[in-house]
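Please keep the structure open while you read this note, and follow each numbered point on it.

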Amino acid sequence: MSASATKAEAERRARTLVDRWAKANLFTGWIPGAAFALGAADMLMIRQVGEAFGIPAFDEEALKAHLGGVLGSLTGAVAGEAIGAIPLVGWAVKSVTLHIKAEAIGKAVIDYFRERSPLPD
């Protein structure tokens, strides 16, 4: 994101990123073990959202957001894999659950980074 970007532009970019990652969860979440890989993808999504708002990935505040995302993602991964043990219906429920989880994490980190962004309004 360029130095002349605004928070509104950063938010549009971040919402696009979150939407893409949430759809990846929806379309691949049914695969056995995918919840764990998608948990790692959540961390990448969080990093990308932070970068969209002009916040380096590993400053102290960003690290706190990463850690919150890790906890939410791990909880979702374990629950998702348990649900996914049920063929067909479980796979569908798992995919939808992982999609909702990614959207919720994405919304939370957008709000978090928007408030802390050095970009102009």
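1. Tyr-112 is buried, and so is Phe-113, where buried means under 20% relative accessible area with a 1.4 Å probe and protein chains only. This is a predicted model, in which local features need pLDDT of at least 70 and side-chain atom pairs count only at pLDDT 80 or more, while totals for chains, interfaces and linings use all residues. Residues are numbered from 1 along each chain as its sequence is written, and side-chain values use heavy atoms, leaving out hydrogens and water.

2. The structure holds one aromatic pair. Because the ring centres of Tyr-112 and Phe-113 are 5.1 Å apart and their planes stand at 80°, the pair is edge-to-face (centres within 6.5 Å, planes over 60 degrees apart).

3. Phe-113 also touches Ile-46, Val-49, Gly-50, Phe-53, Ile-55, Ala-62 and Ala-65, leaving aside residues up to four places away in sequence; contact means heavy atoms within 4.5 Å.

4. The largest nonpolar core has 19 residues, and Phe-113, Ile-46 and Val-49 are among those with the most contacts inside it. Such a core is a set of buried Ala, Val, Leu, Ile, Met, Phe, Trp, Tyr and Cys residues joined through side-chain atoms within 4.5 Å. Two or more of its residues come from each of α1 (7-28), α2 (34-52), α3 (60-83) and α4 (89-116), helices being DSSP runs of H or I with at least four residues, numbered from the N terminus.

How values were computed. Buried means under 20% relative accessible area, exposed over 50%, partly exposed in between (1.4 Å probe, protein chains only). Rings of Phe, Tyr and Trp (its six-membered ring) pair if their centres lie within 6.5 Å; planes under 30 degrees apart count as stacked, over 60 as edge-to-face and the rest as tilted.
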